Structure formats: structure tokens, C-alpha cells
Amino acid sequence: MTINGEKNNTALTIELEGRLDTATSPMLEDYLSENLMEDILELRFDLGQLSYISSVGLRVLLSTQKKMDKRNGKMIICNVPDLIMDIFDVVGFADIFTIER
Amino acid sequence: MWELEIEAKTQYLEQVRAFVDGHLEMFDCPVKAKMQIDMAVEEIFVNISQYAYTPKTGKVTIRMEMTKEPLFVVLTFLDNGIPYNPLAKADPDVTLPAQEREIGGLGIYMVKNIMDDVAYAYQDGHNILKLRKKIELQE
């Protein structure tokens, strides 16, 4: 998986490319703990190039959503591929995430 | 029927996936079904790797079968670790807001929803988990 982040004042955009699974989720967790500083109030995940997500990946997204809620920040998920949107629907994430399609 | 016996360790997930995907590719499995099967396989294999033999390690046997007309993919996971029925756990409430959501329990719920049938049995010292998925081939 490739992680591309871009910070712009209090906004952070993260593009994920490839597979977010048991093997690669720790990479994203590390990236977030280094880059999702307290001053980030708008976090955007671009999943346009994400081909696969496992429950471990879903858990990282959920805990990040909780973190952003706690600081009254916003988390937006955009360019969600259909295959991954289906999974969000199954686990009810379509309702708790802010999704821009 | 194909069979893979492998050490139940998360680091071998790639080999497990290659075994499953290799056979799915034999019949041009649609991308969506392949991703769902991969997800279920990852979930179950990782669960067995993390919990079945703790703190020791052990093996898992994965059997893969296919039936024709209708096309079903059947995957059976066997381990001889601690008896554990993953289906006994209550489903998470997927209607709760983010703050009240539990981080765990999603995986097996997902598996139950994306497979057509999931069954557990404990026989002769083995945990046996059988997953079935119907495949709709594209015209």
C-alpha cells in the first residue's frame, strides 16, 4: 500500500493506494500517529486507488473517526470505489462516515 | 478439492491468499466476489493465527472446493487449537453512532454478511469453520 499525505494548515489529505489489510494497516496507524497532529481539524481520506479493505482497515478508519469527533474535527472519505462502498454498507459505516462520492 | 496446510501465523496470509486466488482465477471469478472471498479468508485465517493456539503455535488446514451449476465456492478451515465458535458471538449493533461503536467484532459480522453460509462445528478435536459463497458469473 502507498500512503500519500498532504498537509495544508489545519487540513490533512491522505490518499491510499493498494490494499489496506492486516499486513498494511499498521503502516497507516503509524502514519496517522505521526501526522494527525492535534491541530488537524479536517481530515480527508481519498480511497480512489484503494483496491481492498479488510476488517483491520475498517477498524483504523473507525478509530480515526472517533479521534476526529473528539476534537470536534471533520473526517471526510472521498472517491470510494463501489466494491469498498458495498463493505461500508454491510458494516453500517455508510451512515457514520461523511462520504463524498 | 484443493488443500493447503500451513502454520497459523499472520505472516503467511500472503501464501493463503495466493492459494485461494489461484483457484478463483481458474474460472474468471468476478472482482467483487473475489474481494469478498479474500476478505473472509483474511478474517478467518488471521483470527485462527492470533487466537487458536496462543501462546503456542499450530497449523491450519484450508480446503477449497467448487460446485457447478450453481457455482459455489466452499472453503473449510480446520485447526486443532482451543475450541472456539466465532459465530456464537452476538452481532455488533451496526446502527449506532461512531462514538458508541465497538472497534472489535466487525470482522466475523462482515464474514457472515458477505458469505452465503457460514457454519461451525467442533469434531474430533478440530474447530471446523465452513464458508460458502455463491458465484454469479458474468455473461
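In helix H1 of chain B, the residues Leu13(B), Val16(B) and Val20(B) are buried; a residue counts as buried if 20 or more other C-beta atoms lie within 10 Å of its own, as exposed if 12 or fewer do, and as partly exposed in between, with C-beta atoms placed from the backbone. Seen down the axis of H1(B), these buried residues fall within an arc of 70°, so they line one face of the helix; the arc is that of the directions from the helix axis to the C-beta atoms. An α-helix has 3.6 residues a turn, so residues three or four places apart point the same way. On the other side of H1(B), Glu14(B), Ala18(B) and Gly22(B) are exposed.

Please note that this is a predicted model, in which local features need pLDDT of at least 70, side-chain atom pairs count only at pLDDT 80 or more, and totals for chains, interfaces and linings use all residues. Residues are numbered from 1 along each chain as its sequence is written, while chains are lettered from A and ligands numbered from 1 in the order in which they are written.

H1(B) covers residues 13-24, and its 12 residues reach 16 Å from first C-alpha to last, close to the expected 16 Å; the expected span is 1.5 Å times one less than the number of residues. Helices (H or I, at least four residues) and strands (E, at least two) are DSSP runs, numbered from the N terminus. What covers the buried residues of H1(B)? The cover includes E1, helix H2 (31-52) and strand E2 (59-67) of chain B, where contact requires C-beta atoms, placed from the backbone, within 7 Å.

I turn now to the sheet. In chain B, 5 strands form an open antiparallel sheet in the order E1-E2-E3-E5-E4; two strands pair if DSSP finds at least two bridges between them. Strands E1 (2-7) and E4 (117-123) of chain B stand at the edges with a single partner strand each, so one side of each is left without a neighbour in the sheet.

E4(B) is joined to E5(B), residues 126-134, by 7 bridges. Ala119(B) stands opposite Lys130(B), and Ala121(B) has Ile128(B) as its bridge partner. In the hairpin of these two strands, which has 2 residues between them, Asp124(B) takes a positive phi near 50°.

Finally, the contact between the chains takes 19 residues from chain A and 23 residues from chain B. On the side of chain A that touches chain B, the largest share, 8 residues, comes from H2(A).

Key. Two residues are in contact if their C-beta atoms, placed from the backbone, lie within 7 Å.
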